[in-house]
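Visitor: I have not looked at this one before. Could you walk me through it?

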Amino acid sequence: MAIYDLYIFDRHCVCVFYASWNRQAQAQAQAQAQALGTAGSQPTDKLDNGGSSGQAAGAAGAAGTGMGAGANAASGGLGAGGMAGVAVDKQAEENAKLVYGVVFSLRNIVSKISPKQGDNFLSYRTSNYKLHYFDTATGLKLVLLTDPGMENMTEVLRAIYSQIYVEYVSKNPLVALDSGQIQNELFRTNLMRFVRTLPGFNA
């Protein structure tokens, strides 16, 4: 089991933070799936929203597998789901858009088919990865991609928001909110330290 990527989107739908771990482990898992002849098959999706389930396959398939990449080439401001004011390569930029598109689509699907108002999805799983989602009252959205065998990470995302983001970004008078990419080194350092302590993390 492994943790792959963390995306943080602000209330304007812009990716303001991205981190990646264990990319090699995910690539090896996908190579093994291809060797077994499963990579070309339709992924089996499971949508977890605390009760509702349904039409996740189309949106999940749009995200594909192997989301996430290194940060190398410069990029300017982007539209919904893009990365603003941060150096990223083209693949990472496109992946951020795909991730946000999946989240946006699933939220709409769940809100329409759920018997209860205000319902939201928590995660969905394919044969190669699992996407965990946490939406805050301030409009910040945290998305975590992990190995498909990982347990629900909602509480982990809640802790990242309340114990790390709030402490080192929201409460920091030197950090201007809605100013683009999170470049606070204390936030990054404490986030990396926290993630590496999580059960199932493979360095």
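**A hairpin and its surroundings**

Guide: This is a predicted model. In the hairpin of strand 5 and strand 6, 5 residues sit between the strands, and glycine 139 has a positive phi near 95 degrees.

Visitor: How many bridges join strand 5 to strand 6?

Guide: There are 6 bridges between strand 5 (residues 130–135) and strand 6, and the two run antiparallel. Leucine 131 has leucine 145 in strand 6 as its bridge partner.

Visitor: What about strand 1, how does that pair with strand 6?

Guide: Strand 1 (residues 3–9) pairs with strand 6 in the antiparallel sense, over 6 bridges. Leucine 6 is opposite leucine 144 in strand 6.

Visitor: Which residues point which way from strand 6?

Guide: Lys141, Val143 and Leu145 point one way, while Leu142, Leu144 and Thr146 point the other way. All of these are buried, the lysine included.

Visitor: Where is cysteine 13 found?

Guide: Cysteine 13 is in the loop between strand 1 and strand 2 (15–20).

Visitor: New topic. How many aromatic pairs does a search of the whole structure find?

Guide: The search gives 10 aromatic pairs. One of them is phenylalanine 17 with phenylalanine 187, an edge-to-face pair with 5.1 Å centre to centre and 85 degrees between the planes.

Visitor: Where in the chain are those two?

Guide: Phenylalanine 17 is in strand 2 and phenylalanine 187 is in helix 5. They are 170 residues apart, and the pair links distant parts of the chain.

Visitor: Buried or exposed?

Guide: Phenylalanine 17 and phenylalanine 187 are both buried.

Visitor: Which residues do ring pairs link into a cluster?

Guide: Tyr7, Phe9, Tyr18, Tyr100 and Phe104 are linked into a cluster by ring pairs.

Visitor: Last one, glutamine 181. Where is it found?

Guide: Glutamine 181 is in the loop between helix 4 (154–170) and helix 5 (185–196).

Visitor: Buried or exposed, and why?

Guide: Glutamine 181 has a relative accessible area of 14%, and buried means under 20%, so glutamine 181 counts as buried.

Visitor: What lies 3.0 Å from a polar atom of its side chain?

Guide: The backbone oxygen of valine 16 lies 3.0 Å from a polar atom of the glutamine 181 side chain.

Conventions:
Residues are numbered from 1 along each chain as its sequence is written. This is a predicted model: local features need pLDDT of at least 70, side-chain atom pairs count only at pLDDT 80 or more; totals for chains, interfaces and linings use all residues. Side-chain values use heavy atoms; hydrogens and water are left out. Helices (H or I, at least four residues) and strands (E, at least two) are DSSP runs, numbered from the N terminus. Buried means under 20% relative accessible area, exposed over 50%, partly exposed in between (1.4 Å probe, protein chains only). A polar contact is a pair of N or O atoms within 3.5 Å; within protein, one must be able to donate a hydrogen and the other to accept it, and residues adjacent in sequence count only if both atoms are side-chain atoms. Two strands pair if DSSP finds at least two bridges between them. Rings of Phe, Tyr and Trp (its six-membered ring) pair if their centres lie within 6.5 Å; planes under 30 degrees apart count as stacked, over 60 as edge-to-face and the rest as tilted.
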